[in-house]
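Please look through the structure shown below and keep it in view while you read. The briefing that follows goes through it topic by topic.

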Amino acid sequence: MQQFKKTPASLLAGVFLCLLSSASVLAECGRPDTASIAVAKVQDGDTLKLSDGRSVRVLGINAPEITVGQKRGQPLGQEALVSARKFVAQAGGEVRLGFDVEKRDHYGRWLAHVYDNSGRSLAVEQVRAGMAFQISVPPNRAQESCLSSVEARARKNPSGVWRNSYWSSFPSTSLTTSDTGFRLVRGKVARVDVNSSVWIELEGELVAQIKKSDWQAFGRSDWQSLVGKTLEVRGWITARKDSGSSKEGKRRFKALVISLRAPSSLKVIN
């Protein structure tokens with residue numbers, strides 16, 4: 001039997017298919033737009049300081065906070081920092097950036113997806129390891145679906161935040177006015193009001209706000225159908241300065257507010 005010999009063309013085709021297959025793996029959740037740049041410091045689980053002086057907030061995720069001065073950190077904040085440092089160390093101390101619609105935030109930080117030279121994503125690695133949550137803040141939503149899928153897989157084999165009582169879908173009825181900052185909360189919907197915003201009141205002291213400018217992204221108008229449903233919501237909780245009082249003849253408002261900016265921040269459980 002005559003042995004088949006590959007021609008140069010077939011060899012090139014094989015190499016191309018191999019590279020294409022590798023690229024599809026390495027391009028998980030986007031691609032970088034810039035050349036490599038040295039990292040001066042890993043500030044926390046989702047923030048880097050580059051050698052050119054830029055501070056970069058990693059898009060698509062939120063990692064637990066570390067203790068800074070008098071500001072107390074959150075559970076697993078230090079572990080998330082160590083995980084991010086490990087990623088940068090394995091990347092040889094250099095990263096590449098990928099941008100979305102908005103490149104700077106109101107703090108002056110650069111907003112970017114972060115990759116190593118092989119295309120590995122820091123956001124993906126942090127979510128996969130249970131060291132960060134997926135979160136989208138408009139208009140930077142390009143990787144919302146991809147990172148949500150990564151997180152869904154991570155939750156099936158829980159580690160990090162998914163094995164921690166503080167982080168793992170905290171019940172809304174247990175929240176107090178001191179429970180501010182980023183949280184993942186589960187609760188039953190007691191009431192829904194629709195005016196200039198959608199206000200979804202959960203049992204306990206939390207109300208979720210969806211501003212009218214973000215309604216279209218959620219793709220729904222049946223807000224009242226959420227009453228009686230159990231939701232999982234995520235985002236930054238703030239305490240109201242004045243929630244009113246029933247003694248003043250006014251309906252008392254919930255003491256805590258969480259702003260929902262994107263569909264992945266609201267999940268109907270049952």
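In what sense do strand S5 and strand S6 pair, and over how many bridges? Strand S5 (residues 94-98) and strand S6 (residues 110-115) pair in the antiparallel sense over 3 bridges; two strands count as paired if DSSP finds at least two bridges between them. This is a predicted model, in which local features need pLDDT of at least 70 and side-chain atom pairs count only at pLDDT 80 or more, while totals for chains, interfaces and linings use all residues. Residues are numbered from 1 along each chain as its sequence is written, and side-chain values use heavy atoms, with hydrogens and water left out.

**The chain as a whole**

- The secondary structure comes to 5 helices and 14 strands; helices (H or I, at least four residues) and strands (E, at least two) are DSSP runs, numbered from the N terminus.
- Of the 270 residues of the chain, 43% count as buried; buried means under 20% relative accessible area, exposed over 50%, and partly exposed in between, with a 1.4 Å probe and protein chains only.
- Among contacts between residues at least 6 apart in sequence, 63% join residues at least 24 apart; a contact means heavy atoms within 4.5 Å.

**The barrel**

- Five strands form a closed barrel in the order S1-S2-S3-S6-S5, and their pairing is mixed.
- From one strand to the next, the twist averages 55°; axes are lines fitted to C-alpha atoms, for helices over the stretch in contact, and angles run from 0 to 180 degrees between N-to-C directions.
- Helix H2 (residues 77-90) packs on the sheet and touches strand S1 (37-44), strand S2 (47-50), S5 and S6. The direction of H2 makes about 170° with that of S1.
- S2 and S3 pair in the antiparallel sense over 3 bridges, with Lys 49 opposite Ser 55.
- These two strands, S2 and S3, form a hairpin with 4 residues between them, and Gly 53 in the turn has a positive phi of about 95°.
- S3 and S6 pair in the parallel sense over 3 bridges, and here Arg 57 stands opposite Leu 111.
- In a regular strand the side chains alternate between the two faces of the sheet. Both faces of S3 are covered, with Ser 55 and Arg 57 buried on one side and Val 56 and Val 58 buried on the other.

**The nonpolar cores**

- The largest nonpolar core has 28 residues, and Leu 48, Val 95 and Val 114 have the most contacts inside it. Such a core is a set of buried Ala, Val, Leu, Ile, Met, Phe, Trp, Tyr and Cys residues joined through side-chain atoms within 4.5 Å.
- The elements giving two or more residues to this core include strand S3 (55-58), helix H3 (122-128) and helix H4 (144-156).
- H2 supplies the largest share of this core, 5 residues.
- Another core, of 22 residues, lies apart from it, and Ile 200, Phe 218, Val 233 and Leu 266 are among its members.

**The disulfide**

- A search of the whole structure finds 1 disulfide, a term for a pair of cysteine sulfur atoms within 2.5 Å.
- Cys 29 is joined to Cys 146, with an S to S distance of 2.0 Å.
- Cys 29 lies in the loop between helix H1 (8-26) and S1, and Cys 146 lies in helix H4, so the pair ties together parts that are 117 residues apart in sequence.
- The torsion about the S-S bond is about -100°, so the disulfide is left-handed.
- Cys 29 is buried, at 4% relative accessible area, whereas Cys 146 is partly exposed, at 27%.
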